[in-house]
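Please open the model in a viewer and keep the sequence panel at hand. The stops below are given in the order in which they may be selected.

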Amino acid sequence: MNENKSGVKNVVDKVVKAERFSAANIEKRKLDKYSDIATRIFHTPVLTPKEIAFPAIGEFAAAVVKGLEQYRTLYFVNVLKIDMTYVTLILTLIGIYDVLNNPLMGAAYDRTRTRWGKARPYIIFTAIPYFLSTVALYSGAMFFGDTPGNDPKKIVFVFCTLFIQETFGTIYAIPRDNLVSLQTANPKDRINVGLVQNYLGFTGSQLIATIFMPLMELNNKGYINLPMSTVFTGIALIAATIGAAGNIAMAINCKERILLQPKPAPITKTLFYIFKNKYALRNFLAEFSVSWWANGGYKWDVVTQQEIFGGTIPSFIAYLPNNIFNYLSVTFIPKFQKLFKNNNKKAVIWLRLWDLFCCAGMVAVGCPLIGNRWLAVAVYAFFFGINGINNGPSNVFEAELGREINDYTEYVTGERPDGTIGILTGLITKVTSPLNALLTVQLFKWSGYDPTIPMKPWSQGSKTVYQKVFFLFNGITLLPTFVKIIPFFFYDLEGEKREKMYIALNERRALIANQDNEESDEVDELAQMLAAEDAKE
């Protein structure tokens with residue numbers, strides 16, 4: 001009996017307890033000699049203006065492509081004229097491929113150690129093929145013309161280009177998303193990067209909407225004869241050019257200062273590290289519980305703008321308050337920091353509840369008024385405008401809270417397996433993708449919306465259809481959003497506990513640098529910079 005208990009205890013210790021080389025478990029006397037520099041690294045911003053600007057340029061470029069991808073299903077159905085059933089099947093198969101692609105890249109990323117860093121080589125060498133495959137995907141209609149929607153060549157082309165795009169997109173995205181965490185350990189630095197990223201990222205996403213929506217309306221009303229296939233190809237080419245140049249410039253000009261364990265733990269071990277991070281585990285369970293949720297898989301915002309609001313001008317008015325407040329919200333970040341006393345947990349909870357209130361109000365008040373264009377526009381403008389006030393703070397605080405949770409993994413394990421842990425978290429949507437696809441098809445049928453009818457004001461001729469469209473656009477995310485707030489009520493990595501974690505992390509990183517001279521250049525440079533600042537004072 002005692003042997004069985006001992007065996008169980010050993011297994012639990014391996015999965016739950018801190019690793020011997022983690023900051024939580026290294027002898028305090030070994031770390032104390034680095035306590036001064038560790039404290040100053042945590043409290044002293046080290047990023048240059050260039051290192052703040054280039055990640056924002058990279059975010060702008062990524063947002064342009066992401067903005068284009070918002071119209072992807074619309075492109076498949078309305079431009080390539082592929083049946084929605086084939087589109088759903090293709091996206092499901094690509095999702096299944098992700099189950100293999102993501103783990104391979106996650107494991108490779110975590111085990112990468114080069115003289116140029118951990119993330120930068122991937123960004124430099126994969127940005128171009130990723131963005132080129134994006135151009136190819138949105139140029140398909142130029143090759144196939146008006147062929148039937150069930151044309152095998154057309155379906156195979158979409159699948160293959162999506163396959164290539166997904167492959168390089170994964171190789172490029174994991175390192176890019178983690179670069180800021182490798183640049184600096186200072187919270188103020190990271191919030192400043194997030195602030196500028198939020199501003200330029202929103203600008204990039206709006207750029208696509210600003211170009212796309214008026215062209216689509218002018219085409220639908222017959223004022224111009226510019227094929228939508230040409231529009232998609234042109235926008236994809238612009239997005240790809242900005243994307244490739246912006247991300248390569250970011251990788252070349254941003255240093256990685258965070259020193260990592262020289263020899264990473266085995267993949268089989270790091271797979272279980274999510275169980276050692278109670279904060280990440282709670283978020284994982286919340287995400288998993290709602291990952292099957294879907295909104296019908298169509299571009300309902302375009303339908304709302306073109307058919308319910310009635311075109312570009314009413315849509316411009318409906319979105320104007322949010323666009324104005326979204327830019328102004330960046331200036332509110334210091335005020336929100338003061339209001340929540342730099343407590344990211346409280347900020348995220350209240351700002352998410354704020355979003356829920358706006359979403360619920362929009363649906364409860366807006367749906368009954370569908371049929372009266374200007375009342376619907378006014379309701380949307382009011383609630384979406386209120387929602388825009390917190391956009392900047394919400395994006396910045398949530399990003400920093402996410403980095404804190406990832407840093408906690410390094411604190412309790414001594415490793416930073418962002419990619420490997422992403423294998424588990426990324427599998428959420430893949431495991432439930434069949435349910436998601438099924439719900440997508442059913443909700444699309446439930447809406448009663450006919451995508452073969454040209455998008456013109458009230459072209460469907462049914463108030464009920466448009467009420468369902470408005471709900472799919474604005475209200476269907478209410479439940480998943482609420483569920484994903486719950487874990488943050490149990491988040492306690494704040495105040496003194498948070499600061500002690502970062503001090504111990506930075507002490508450990510300095511210890512690694514001292515033990516491995518080949519990897520100590522960045523820490524030496526940082527120490528010299530801090531010493532120079534002291535001399536100036």
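**A first pair of side chains**

Select Glu-27 and Arg-29, whose side chains meet in a salt bridge with an N to O distance of 2.8 Å. A salt bridge here is a side-chain nitrogen of Lys or Arg within 4 Å of a carboxyl oxygen of Asp or Glu. Glu-27 is partly exposed at 42% relative accessibility, whereas Arg-29 is exposed at 60%. In these terms, buried means under 20% relative accessible area, exposed over 50%, and partly exposed in between (1.4 Å probe, protein chains only).

The model is predicted: local features need pLDDT of at least 70, side-chain atom pairs count only at pLDDT 80 or more, and totals for chains, interfaces and linings use all residues. Residues are numbered from 1 along each chain as its sequence is written, and side-chain values use heavy atoms, with hydrogens and water left out.

**The whole protein**

Along the principal axes, the C-alpha atoms fill a box of roughly 75 × 55 × 50 Å.

Colour the residues by accessibility: 53% of the 537 residues count as buried. The protein exposes about 24,400 Å², of which carbon and sulfur atoms supply 64%; accessible areas come from the Shrake-Rupley method with a 1.4 Å probe, and for residues only the protein chains shown count as cover. Among contacts with a separation of 6 or more, 86% join residues 24 or more positions apart, a contact being heavy atoms within 4.5 Å.

An α-helix has 3.6 residues a turn, so residues three or four places apart point the same way. Lys-28 is exposed at 59% relative accessibility, while Asp-32 is partly exposed at 34%.

**Helix H5**

Next, select residues 72-79. How enclosed is helix H5 by the rest of the structure? Six of its eight residues are buried, so H5 is largely enclosed. Those buried residues are Thr-73, Leu-74, Tyr-75, Phe-76, Val-77 and Val-79. After the helix comes Lys-81, whose phi is positive, near 60°.

Move to Glu-410 and Arg-509, whose side chains meet in a salt bridge at 2.8 Å, N to O. This pair links distant parts of the chain: Glu-410 lies in helix H19 (residues 391-413) and Arg-509 in helix H24 (residues 495-515), 99 residues apart. Both residues are buried.

**Asn-323 in helix H15**

Select Asn-323 in helix H15 (residues 312-328). This residue is buried, with a relative accessible area of 17%. Leaving aside neighbours within four places in sequence, Asn-323 is in contact with Phe-202 and Gln-206.

**Two loops**

Select Asn-342 in the loop between helix H16 (333-339) and helix H17 (344-366). Although it is not a glycine, Asn-342 has a positive phi of about 55°. Its relative accessible area is 53%, and Asn-342 is exposed.

Continue to the loop between helix H21 (433-447) and helix H22 (463-474), where Trp-458 is found. Trp-458 also is not a glycine and has a positive phi of about 55°; at 32% relative accessibility, this residue is partly exposed.

Gly-461 is found in the loop between H21 and H22 and is exposed at 56%.

Technical notes
Helices (H or I, at least four residues) and strands (E, at least two) are DSSP runs, numbered from the N terminus.
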